[in-house]
2 protein chains.
Amino acid sequence: MSVVLKRGTAVTIRDVAREAGVGLMTVSRVINEVPGHKFSPATAQKVRDAIDRLGYEPNNVARSLRGRRSGVIGVIITGISDPFWASCARGVELEARKRNYVPIVVATDEDCELEERQVAALQAHRVDGMLIASTYRAKRTAVTKRLANLPTVAIDRPIVGLKCDCVLVDNLAAARNATEHLIGHGHRRIAFAGYADRVYTVRERIDGYLEAMERAGLERNVLEGAADPAETHRRVIDVLKSPFRPTAFFAANTLVMLGIMQAAQQLGLNVPRDVAITGFEDFRWAEFVKPGLTVVRQPGEAMGQRAAQLLFDRLSGKQGPFEHCVLDTELIVRESCGCGAEAVLRTAV
Amino acid sequence: MSVVLKRGTAVTIRDVAREAGVGLMTVSRVINEVPGHKFSPATAQKVRDAIDRLGYEPNNVARSLRGRRSGVIGVIITGISDPFWASCARGVELEARKRNYVPIVVATDEDCELEERQVAALQAHRVDGMLIASTYRAKRTAVTKRLANLPTVAIDRPIVGLKCDCVLVDNLAAARNATEHLIGHGHRRIAFAGYADRVYTVRERIDGYLEAMERAGLERNVLEGAADPAETHRRVIDVLKSPFRPTAFFAANTLVMLGIMQAAQQLGLNVPRDVAITGFEDFRWAEFVKPGLTVVRQPGEAMGQRAAQLLFDRLSGKQGPFEHCVLDTELIVRESCGCGAEAVLRTAV
DNA sequence: TTGTACGCGTTATCAA
DNA sequence: TTGATAACGCGTACAA
């Protein structure tokens, strides 16, 4: 791609120096407010005036090249348009802004190969650090090797084969909790509905479901191998027509819940009377959906913030051992589970 | 903030050259696959081998400084966590990825001053171009001046005092349309509910509402000056208790719709029987909200994509006049307006 | 307190 | 076809 950019307005520190009638370094020092340095106030003012007159803007690119700091952090998430990741991205941006950093946010779509390319791209841009929601891999790969040399915080999921700071929620406990809530309502045939079970968080949620069922001595039924929401939807309909005929579902995420609701509607089944549901991920309208959805709420924005904080701590030179930060989830009890009134049960960490 | 970064893995083009036993430029040319250049295949292979052995990674920062292309575009939107803007950001990222570009996405929170700072920050990072949803200002400001020298595409809203490519939807027509739909249901006392009326899109929606009411010869009632959702909520309750007592609302966005729904619930009013509603912004669960929400759907992802395309066209040197691109909206008719069955009416451009 | 020289990693230009 | 050199804009290290 041939690129045409105007260079007309490329005011440099040199132009400012000339305009102010001082040396280069004086300008640089004024701009950076070098701590142990005293200026004659007059000089400083001359420089500031010149900067204003010329509309000079420091060139971060040159700074990055010269110094060892780009002022950019990389953020690699599953997909930007997902509400959970969107609020996570917001949390990151808030923290970055406080420190005059900017984030480059890119998506993986849960594609390992794309993830590799995105990591490489961000490294080429010399980001100072990385926040990453890595897609699960069986073994260490190039990604691990690349990240070993870069301050990195794993977000939402640990990275196989890489020791680093991380911010997670206890998916397993939350899922077990939500499943036990259904069991508490007297359900005995409860199915797990989800997809993309190579994703770490999904696997954890499956394990949580399995644990709850096992403890209660109930038959377990994971709708496995579904690759996407549409297929999950078909599987749900199949199992609802099968002899097993679940009276309740635990759904791995909002999309799956939506699929189950649609399936129930299609089969003329009432939620929660004929089919009860609990799931993952709260959203703004959940209370107005009928029936109100009982879901595990994850602190998306807080995750982003916390992760960014950990990263900036490292960039500031913090040494200590890697932090393993687990944030609380809440089970927001509404109606789809069979409950009448709304209540909030906080999951212990 | 003192920054500590490892420089251990800083393999440069120079190291590669030495390793391969060739000159700097040969390496550079191999990497960039300079078009009109022939290499002895042996040399090219030597270089490639050396790159692999050393794990060399081009330094985009140095490239940006030397060349006139950073490979980064700036994206300034209202807020990343809003679903509309999130899908817009996704559209941008998809287009950027195709061209080996990365986006820096930052938010303004509808704050003019913050917007200025964000523009400055992105310019400091020498982004090659900018996509911006600018907050309305009465007159030209520093932002306008800054953007005049940078390839810019206005997204969702035009920029006062700046001629540039833009991608919009016809908010006025869509709002008029949605209001007329209510009028068609026989409503005569229809109020406009919204906030942040200094935002361009909100003003357009108000105008659309006003136009529809005027054409029908109906009394207009804009709940003005509400600064945030909470206040809007109070205003809605007030007006529902007032003599005017609207039988229907046109809501400026989803949050406002939510507020109206809550207010109605609180007052024991049935939607749509006692109070009908149409609004702006569709979302995934809208069909499961009871009653189903009748809303104007905006093509968020397509807006992001289109805007990015326009920008990259300019970066490729496209000259012509500025494009003014208006994307279609749809009125998704569900139940909150008073309709029974679902239907989709496409708004003409 | 202020200024000069050098180098960060890359590419454009020119010479070989 | 290849290589040497000079920028790009800034900050560190030193000298004045």
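A residue is taken here to be near a strand if its C-beta atom, placed from the backbone, lies within 6 Å of that strand. In this predicted model, 28 residues surround DNA strand C by that criterion, and the closest are A:Gly23 and A:Lys38 of chain A together with B:Ile13, B:Asn59 and B:Arg66 of chain B. The elements that give two or more residues to this surface are, in chain A, helix H2 (24-32) and helix H4 (60-66), and, in chain B, helix H1 (13-20), helix H2 (24-32) and helix H4 (60-66). Of these contributions, the largest share comes from H2(B), which supplies five residues. When the surface near DNA strand C is divided by class, 13 of its residues are nonpolar, 10 are polar and five are charged.

The two protein chains also touch each other, in a contact that takes 56 residues from chain A and 56 residues from chain B. On the side of chain B that touches chain A, the elements giving two or more residues are H4, helix H5 (83-98), strand E2 (102-107), helix H6 (112-124) and helix H11 (254-267) of chain B. This side of chain B has 29 nonpolar, 15 polar and 12 charged residues.

For chain A, the mean pLDDT is 90, and 95% of the residues reach 70 or more. Over residues 1-8 of chain A, however, the pLDDT is below 50, and this stretch has 15 contacts in the model beyond near neighbours in sequence. Where pLDDT is low, the predicted coordinates should not be read in detail.

The secondary structure of chain A comes to 12 helices and 13 strands. The radius of gyration of this chain is 26 Å, well over the 20 Å that the globule rule gives for 349 residues, and chain A is therefore more spread out than a compact globule. Along the principal axes, the C-alpha trace of chain A spans about 85 × 45 × 40 Å. Buried residues make up 50% of the 349 residues in chain A, and, among contacts between residues at least 6 apart in sequence, 68% join residues at least 24 apart.

In chain B, strand E5 (residues 165-169) has four of its five residues buried, so this strand is largely enclosed by the rest of the structure. Strand E4 (residues 152-155) of chain B runs parallel to E5(B) and is joined to it by three bridges, with B:Val153 standing opposite B:Asp165 of E5(B). Four bridges join E5(B) to strand E11 (residues 324-327) of chain B, again in a parallel arrangement, and there B:Val167 has B:Cys325 of E11(B) as its bridge partner.

Methods
Residues numbered from 1 in each chain as written. Chains lettered and ligands numbered in written order. Predicted model: local features only at pLDDT ≥ 70, side-chain atom pairs only at ≥ 80, totals over all residues. Nonpolar A, V, L, I, M, F, W, Y, C, P; charged D, E, K, R; others polar. Contact = placed C-beta atoms within 7 Å. pLDDT = per-residue confidence, 0-100. Rg over C-alpha atoms; globule rule 2.2 N^0.38 Å. Buried ≥ 20, exposed ≤ 12 C-beta atoms within 10 Å, placed from the backbone. Pairing = 2+ DSSP bridges.
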